[in-house]
Amino acid sequence: MLHLIFQSPIDIAILERIDSEDDVVFLENSVLRILKKGSLCDILTQLLTRNRLCVLADDIEVRGIVTDELVNGIEVIDYSELVSLTVKNPVIQSWT
């Protein structure tokens with residue numbers, strides 16, 4: 001399953017619903033919550049042991065975030081990689 005997370009702040013209950021090996025993409029203002037210095041750092045680090053977590057490059061760029069500020073292991077992807085994830089995962093859940 002592919003989880004598209006738009007919600008900001010991100011509800012911990014959403015992160016708890018992500019099954020092992022699901023793919024996750026953080027979009028729009030949710031990218032403000034995936035920073036190393038953020039309150040979700042530990043939870044996201046745990047998810048990274050069993051999930052692929054991604055963020056759209058354009059969303060962090062427009063908010064002035066550099067990759068070094070993100071939780072280690074979160075992949076920065078472009079739109080073509082986002083499309084590839086939607087093809088790979090026929091089931092998509094959007095969280096707004």
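Two strands are taken to pair if DSSP finds at least two bridges between them, and helices (H or I, at least four residues) and strands (E, at least two) are themselves DSSP runs, numbered from the N terminus. The structure examined here is a predicted model, in which local features need pLDDT of at least 70 and side-chain atom pairs count only at pLDDT 80 or more, while totals for chains, interfaces and linings use all residues. Residues are numbered from 1 along each chain as its sequence is written, and side-chain values use heavy atoms, with hydrogens and water left out.

Strands β2 and β3 run parallel and are joined by 4 bridges. Within this pairing, Val 24 stands opposite Leu 53 in β3. Between β2 and β3 the chain passes through helix α2 (residues 41-47), and this β-α-β crossover is right-handed; the term applies if, with the strands pointing away from the viewer, the path from the first strand over the helix to the second runs clockwise. Strand β3 also runs parallel to β4, with 3 bridges joining the two. Here Leu 56 has Ile 77 in β4 as its bridge partner. Together with helix α3 (residues 57-62), β3 and β4 form a right-handed β-α-β unit.

Strand β3 is mostly covered, as 4 of its 5 residues are buried. Buried means under 20% relative accessible area, exposed means over 50%, and partly exposed lies in between (1.4 Å probe, protein chains only).

Charged side chains come next. The structure holds 3 salt bridges, each defined as a side-chain nitrogen of Lys or Arg within 4 Å of a carboxyl oxygen of Asp or Glu. In one of them, Lys 88 meets Asp 23 at 2.8 Å, N to O. This pair links distant parts of the chain, with Lys 88 in helix α4 (residues 79-88) and Asp 23 in strand β2 (residues 23-26), 65 residues apart.

Another salt bridge brings the side chains of Glu 75 and Arg 52 together at 3.0 Å, N to O. Because Glu 75 belongs to strand β4 (residues 75-77) and Arg 52 to strand β3 (residues 52-56), the contact ties together parts that are 23 residues apart in sequence. Glu 75 is partly exposed, with a relative accessible area of 31%, and Arg 52 is likewise partly exposed, at 28%.

Asp 59 and Arg 63 also meet in a salt bridge, at 3.7 Å, N to O. Asp 59 is buried, with a relative accessible area of 11%, while Arg 63 is partly exposed, at 28% relative accessibility.

Finally, the cysteines deserve a look. A disulfide is a covalent bond between the sulfur atoms of two cysteines. With a disulfide counted as a pair of cysteine sulfur atoms within 2.5 Å, the structure has 0 disulfides.
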